[in-house]
Amino acid sequence: MKILVPLKRVPDPDTKIRLKTDGSSVDWDGVKFAINPFDAIALEEALRIEESQGEIDIVVVSIGGDECTEQLRAGLAMAADRALLIRAEPDLDPLAIAKIFVAVYKLEKPDFVLMGKQAIDDDSNQVGQMLAALLGIGQATFVSKLELLDNNTRACCGRETDAGIETVVVKLPAIITTDLRLNEPRYVSLPGIMKAKKKPLEEITVADLGVTVASRTKVLALEPPPKRKAGVRVKTVDELVDKLKNEAKVI
Amino acid sequence: MAKILVLAEHDEGQLKLATLSAMGFAHEVCADAGGSYDVLILGEGISAAVELLRGYGAASVLVADHAALKDPLADKYARVIDEVARVQNATMVVGAASTFSKDVLPRAAALLDAGMISDVNDVRSDGNDFIFKRIMFAGNVIATVKLDGALKFLTVRSAAFAPPPKVAGTSPITSVAVDAGKLPSQIEYVGREAKVAGRPDSTEARVVVSGGRAIKNAEDFEQLIGGLADVLGGAVGSSRALVDSGITPNSLQVGQTGKIVAPDLYIAVGISGAIQHMAGMKDTKVIVAINKDAEAPIFEIADYGLVGDVYQIVPELMEKLKK
């Protein structure tokens with residue numbers, strides 16, 4: 001069995017995002033990067049499936065430039081078997097990314113794709129669903145529980161929806177996007193890092209894949225969100241109740 | 001001229017109020033740039049929701065009522081949305097930024113080869129096109145964006161758009177023919193964890209009372225957070241810390257990785273205010289923070305802060321609110 005796990009390079013989730021003063025872009029100076037946390041959860045889940053089922057080919061793939069090899073190597077160090085870098089221009093929008101993954105999917109022919117429900121930089125939450133649509137296969141999004149059924153032909157998925165946890169069974173191949181509580185990704189071990197150096201990291205360009213993509217989304221400017229005005233401290237419960245009733249008028 | 005298709009959302013036939021915000025967005029765009037909007041609702045046994053949708057001036061309410069659409073499965077729903085958007089010659093397809101829309105709309109967008117913008121919180125017309133603002137980086141950045149293409153898919157933040165004005169008269173109903181045999185069936189609905197009865201959903205409620213690390217166990221959560229919510233007729237929410245420690249279920253979590261809420265009143269009880277949590281509630285109109293740590297970041301965004309032990313303050317607050 002083969003599982004394809006896309007990994008996006010994003011700023012470390014603990015980084016405070018600062019903007020350049022002209023609002024043209026994020027100030028990346030000194031920012032640490034990491035595997036998108038939801039993608040790391042997807043890779044961890046693939047590794048756990050391998051641990052319970054025996055040898056599985058786990059292929060991590062990233063789209064971008066040289067810098068993405070850092071996250072692919074980290075994925076290999078977590079114990080993925082093979083890495084694929086798709087060279088492409090930066091800042092492609094979700095539909096363009098989904099179209100590239102269609103070509104990767106056709107090249108790799110995985111049994112299914114496990115990927116993060118969204119990237120923590122653009123927070124779009126679109127690529128998995130778009131990829132499933134373009135491939136004409138099923139999807140299970142925001143998955144926090146995953147069980148393979150019937151000789152890996154179907155997957156039973158617990159999905160975190162606004163109304164609570166929903167359970168669906170999806171036919172494989174499918175796109176499964178992972179939510180926070182599916183698992184906790186392992187730390188990369190030193191032997192893992194050493195082994196990762198010997199694992200294959202192939203490169204291919206978008207043109208080699210036979211895909212032409214362009215982003216339709218154009219970012220014109222970035223700005224910080226409006227700051228809430230500083231509030232007041234009240235000293236007693238009576239004062240709080242009075243403010244809520246007579247000043248804010250919300251109760 | 002805009003021709004907007006709004007995807008309505010319901011929970012087993014009960015209309016989700018966030019739908020009205022998506023209609024409000026459509027109303028705003030049409031008032032500004034000309035055009036009209038239709039509402040599409042899918043499901044089975046949805047007549048009550050349909051009736052509610054008819055009172056807001058939509059050109060029509062398109063109803064896809066079929067047993068095959070009883071459960072919100074992305075493969076089937078996206079296919080119906082795809083067909084309806086083509087028939088209607090839609091220029092925009094819009095839904096509330098909910099897990100439902102996020103599951104279904106990108107799939108439909110890709111079927112139509114349309115680009116999509118998630119979490120829109122502002123729109124203005126710009127000649128023949130539109131400029132949107134959207135929220136990125138867990139609420140820490142607002143991006144101004146354009147989206148090329150004759151058809152655009154969007155999800156909108158409900159806090160940013162008021163419901164459209166109610167109108168006299170009702171929108172006509174158009175029935176959408178559903179050929180179940182032609183719908184994909186790759187996903188099978190098994191069921192849903194039973195909802196905790198009695199309290200409203202935090203994404204819909206006017207008041208949300210949320211508990212954090214200061215709450216020591218599930219009984220205390222029910223007594224203090226649930227108790228205060230009940231006094232105010234509100235919903236309960238929770239920080240991620242309580243979910244991780246097993247005190248509250250996942251479905252209560254407010255935050256970047258949980259629910260985005262924007263009630264009139266949000267009471268943060270014993271919540272320090274991590275970025276992750278604040279991303280989920282900072283569009284609230286009035287924020288109250290109760291915390292014994294006077295330095296907690298939540299106080300920086302709270303309209304009213306009260307420093308003290310939640311185990312003393314909350315019972316006193318409940319008592320005084322009951323009077």
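A: Phe137(B) sits in the loop between β8 (129-136) and β9 (141-147) of chain B. In this predicted model, its phi is near 45°, a positive value in a residue other than glycine. Phe137(B) is buried, with a relative accessible area of 8%.

Lys249(A) is exposed, though, at a relative accessible area of 62%.

Now step back into that helix. In α6 (residues 237-247) of chain A, the buried residues are Val237(A), Leu240(A), Val241(A), Lys243(A) and Leu244(A). They span an arc of only 160° around the axis, so they end up on the same side of α6(A). Their cover includes β13 (232-234) of chain A, plus β15 (265-269), β16 (286-291), β17 (304-307) and α9 (310-322) of chain B.

Follow α9(B) and you meet α5 (residues 218-232) of chain B: the two axes come within 10 Å and cross at roughly 25°. That angle is under 35 degrees, which means α5(B) counts as roughly parallel to α9(B). The crossing is left-handed. On the α5(B) side the contact residues include Leu224(B), Leu228(B) and Val231(B), and on the α9(B) side they include Val314(B), Leu317(B) and Met318(B). By class, the contact has ten nonpolar, two polar and two charged residues.

Pro173(A) is in the loop between β9 (164-171) and β10 (174-178) of chain A.

Key:
Residues numbered from 1 in each chain as written. Chains lettered and ligands numbered in written order. Predicted model: local features only at pLDDT ≥ 70, side-chain atom pairs only at ≥ 80, totals over all residues. Heavy atoms only, no water. Buried < 20%, exposed > 50% of the residue type's maximum accessible area, 1.4 Å probe, protein only. Helix = DSSP H or I, 4+ residues; strand = E, 2+ residues; numbered from the N terminus. Arc of directions from axis to C-beta. Contact = heavy atoms within 4.5 Å. Axes fitted to C-alpha atoms, helices over the stretch in contact; angles between N-to-C directions. Parallel < 35°, antiparallel > 145°, perpendicular 65-115°, else oblique. Left-handed = near helix turned anticlockwise from the far one by under 90°. Nonpolar A, V, L, I, M, F, W, Y, C, P; charged D, E, K, R; others polar.
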